[in-house]
Each structure stands twice: as C-alpha cells, then as structure tokens.
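Hi everyone, thanks for making the time. I'd like to walk you through a structure and take it one region at a time.

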Amino acid sequence: MNIALITGSAGLIGSESVAFFSEKFDLIVGIDNNLRQYFFGEEASTDWNRGRLTADHANYRHYHADIRRTEELEPIFKEYGSDIKLIVHTAAQPSHDWAAREPFTDFTVNANGTLNMLEMCRLHAPESVFIFTSTNKVYGDNPNYLPLVEMETRWEIDSRHPYYANGIDEEISIDHTKHSLFGASKVAADILVQEYGRYFGMKTGVFRGGCLTGPNHSGAQLHGFLSYLMKCTITGAPYTIFGYKGKQVRDNIHSHDLVNMFWHYYQAPRAGEVYNAGGGRHSNCSMIEAIAICEEISGNKLHCTYSETNRIGDHIWYISDLSKFMNHYPKWYWKYDLKQTLLQIYDGMSQRLAV
Ligand SMILES: NC(=O)c1ccc[n+]([C@@H]2O[C@H](COP(=O)([O-])OP(=O)(O)OC[C@H]3O[C@@H](n4cnc5c(N)ncnc54)[C@H](O)[C@@H]3O)[C@@H](O)[C@H]2O)c1
C-alpha cells in the first residue's frame, strides 16, 4: 500500500496536498488538531476544511493528533510504517507576530514538532520522502538591506542588482539578521530537515515559501495576507496596512502550484536540498496593488487605515527566485497567476461567508 502522511492537513497547504495526493496514493493519513483556532481565534478555525476533506476524499483518514506529542504520533507511524512513502509536514505556528506572545508554544510546535516528525520518519519510514514547508523568514530581514528603489505603487530592487531578473535565491544568508521568534523556530526546523538529509541520507526537502495562498486559506489578521484582505474587502471589515506606505512587495504562489512542486520533488528527490518557493516574477504584488485588484474583483471599496509602524522584521521587497528548482525539475511551471488566484479566493470566500 502507498500512503501519503500529511501534517496540518486541514490548513491551506495541507488540505491542498490531501486533494492533490488522494488521486496518487492509496491512502492519505492526515494529522491536524486545529491549533490554528487557538492561535488566531474562531474565524481561523480549520474545522470546516477538515469536514470538506472527509466528505470529498474517501481514502482520507483524519487524526486529531498533536505533533508536539510523540505518544500521539508513534501509534500512527507504527500502524502504517514503511507503507508511508511520502510525508508532507506543514503543521506549524505560522505567524511571526503571534510567536512573541508565546515563544514556548511557537518553538515546541515549529522546532520540536518538526524534530518529532523527522524522528518518527527515520524510525518507521526511513525510505519515505519528507517534505518540509519552511519560509522566507529564515532569511530574516537581510532582504531589507538590498538596494531598493521606491516606485509609484511598490518597492523594487535596483535594476542593476543580480536579483532583479528573477528574485532572491537560496544563497542569501540566514545568519546575522532579525528573524522574529517565528523565523528563528523555523530556522531550527529548516536546518534539522536538511541535517536528516545530509547526516542520515534521508530524502528530505526544504521548501522556503514566499506568501502561500489559495481559496482554502482560513485567513486571519495575523496570517493569510491575501485571504484576509479579500475577506475584509467583501465584508467591509476594517483593514490596517502596517508601514512602508503599503508599497511592500510579496510574491504569492497558489497552493496548487506549491503542492505540484512537492509532486515533482517526490518523483526524483534530492537529499537535504533547499528550494525557494513562491510566485516569483510570475506572481507578486505590493499591498496597495493587491488592494486595487481585490476592489476590482469584488466591486467593493476596502475600509483601510494606515499605521506608520511596520511589523517587526517585515520584508520591504521579497520575490523568490525559483531558478534552482526549475533547473532541477524543468517540467514544473506555475499554473496560476495573481489575478486568477485572487478570483479563486474571492469565489471560495464568498461561498464560505454565505453559509
Ligand atoms: N501561508 C503562508 O503565507 C506561508 C508562507 C511561508 C511558509 N509557510 C509555512 O507553510 C506551512 C503551511 O502554512 P499554511 O498557510 O497552510 O498554514 P495553516 O495555518 O493554514 O495550516 C497549518 C495547520 O497545522 C495545524 N497545526 C498547527 N499546529 C499543530 C500541531 N501542534 N499539531 C497538529 N496540527 C497542528 C493547524 O491547525 C493548521 O490547520 C507552515 O509550516 C508555514 O509556516 C506558510
């Protein structure tokens, strides 16, 4: 039997992975305890998504287990053992602002939880492919010291800089920089995943995400930028822009495109490899550009206020360079651009809000 085990399976990337891999594997084992609701409140609950997965995919089996507790993970790994061919580890505390509220919770979920998953994998399914969703926050605020130029609606990198053509590659340092506590706990996890590849020879891959997005995000103020922005544009709830005149740039990748990267990696894994994963030059926007598109799609005006204070460690300009991944996996390409992604987010959010 071929099994894909997915942590954070009711979250954005986890649920996309369930849908994608349910057609490629005999059984999908999902682990998610809806800790997202504890982090960000009722509106961020992923229960609705879990219900949808169970209804839509007959080969999906859900476990309400906590990745911080090996006593909850071990029985699952013992039951399925070497039938587990793929592990997609997405469960996390995903917000840098939230991490400072409860550093112990953040670290035990992100760092210890990842170590638990790696050890379970090594002991029970050492031949499986292990994919980890890291983040561009491992680079801390180093990208903010690049030569940036202010344009009318966005920050941009100087056109003479090597990052201008395709964005920021994996060579930028993760050291000597302000990460936020979230970034630090993800660095710990990121390095552990690499180490299990390099030291034990396991098939571990690290994907450092830019903004990951899609219609199944349970967007909240502290996490899920485009999803939350569209929600506010639809409902009329107030939205606050934090600093940089709203010109900060993010690249945005649709969850389907990211999970398709996982699929390509799974078929020809490279042990301990690290890839930047985002919308790149193909799909990116500044905050105010995103607002304009949300308003155009919804026909509503966003109730927006501006706060001079930026979020600590927030990137001013970040666009991922995917050249390394595309060299290793030349058949992969994005399916969705920014406008298509936002249209899907609008449709999904409108349906959920109407229920
Ligand atoms: N969304 C982004 O913009 C973004 C950007 C870069 C990296 N990432 C990373 O990608 C991954 C997935 O992000 P997402 O947007 O899908 O997040 P998400 O919050 O939508 O999904 C994560 C899921 O994990 C679950 N979870 C959290 N702690 C758990 C625990 N202790 N045990 C079991 N389940 C637990 C949550 O309930 C949630 O359903 C995370 O690792 C995140 O750090 C996300």
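Let's start with Cys232, which is buried, its relative accessible area being 1%. Keep in mind as we go that this is a predicted model. What is the distance from the sulfur of Cys232 to the closest cysteine sulfur? That closest sulfur belongs to Cys304 and sits 9.3 Å away, too far for a bond. For reference, the cut-off for a disulfide is 2.5 Å between the two sulfur atoms. Cys285 is in no disulfide either, and its nearest cysteine sulfur, in Cys211, is 7.8 Å away. Cys285 is buried too, with a relative accessible area of 1%. And if you search the whole structure, you find 0 disulfides.

**Around the ligand**

Now, on to the ligand. How many residues surround the ligand? There are 30, and the closest are Asp32, Arg36, Asp66, Lys186 and His217. If you sort that shell by class, you get 13 nonpolar, 13 polar and 4 charged residues.

For those of you who like to look at individual atom pairs, here are some. A polar backbone atom of Ile13 is 2.9 Å from an oxygen atom of the ligand. Thr90 brings a backbone N or O atom to 3.2 Å from a ligand oxygen. With Thr133, the side chain is involved: one of its N or O atoms is 3.2 Å from an oxygen atom of the ligand. As for cover, the ligand taken alone exposes 830 Å², and the protein buries 97% of that.

Which elements supply at least two residues each to the shell? They are helix 1 (12-21), helix 2 (35-40), strand 5 (129-135), helix 8 (180-198) and strand 9 (211-213). Strand 5 gives the largest share, with 3 residues.

Let me stay with helix 1 for a moment. Is helix 1 mostly covered or mostly open? Mostly covered: 9 of its 10 residues are buried. Among those buried residues are Leu12, Ile13, Glu16 and Phe20.

**A few loops**

Next, some residues in loops. Asp314 is placed between strand 14 (304-307) and helix 12 (323-328). Asp314 is buried, at 6% relative accessible area. Beyond its neighbours within four places in sequence, Asp314 is in contact with His96, Asn144, Tyr244, Gln248 and Arg250.

Tyr244, one of those partners, is in the loop between strand 10 (239-242) and strand 11 (249-254). Its phi is near 55°, a positive value in a residue other than glycine. Lys245, in that loop between strand 10 and strand 11, has a positive phi as well, near 60°. Are they buried or exposed? Tyr244 is buried, with a relative accessible area of 19%, while Lys245 is partly exposed at 49%. The cut-off for buried is under 20%.

My last stop is His64, in the loop between strand 3 (60-63) and helix 4 (70-80). His64 counts as exposed, at 53% relative accessibility. Leaving out neighbours within four places in sequence, His64 contacts Asp32, Asn33, Arg50 and Glu72. Asp32 was also in the list of residues closest to the ligand. How far apart are His64 and Phe132? They are 68 residues apart in sequence and 20 Å apart in space, C-alpha to C-alpha.

Definitions and conventions
Residues numbered from 1 in each chain as written. Predicted model: local features only at pLDDT ≥ 70, side-chain atom pairs only at ≥ 80, totals over all residues. Heavy atoms only, no water. Buried < 20%, exposed > 50% of the residue type's maximum accessible area, 1.4 Å probe, protein only. Near = heavy atom within 4 Å. Polar contact = N/O pair within 3.5 Å; in protein donor to acceptor, adjacent residues only side chain to side chain. Areas by Shrake-Rupley, 256 points an atom, 1.4 Å probe, with all protein chains shown as cover. Helix = DSSP H or I, 4+ residues; strand = E, 2+ residues; numbered from the N terminus. Nonpolar A, V, L, I, M, F, W, Y, C, P; charged D, E, K, R; others polar. Contact = heavy atoms within 4.5 Å.
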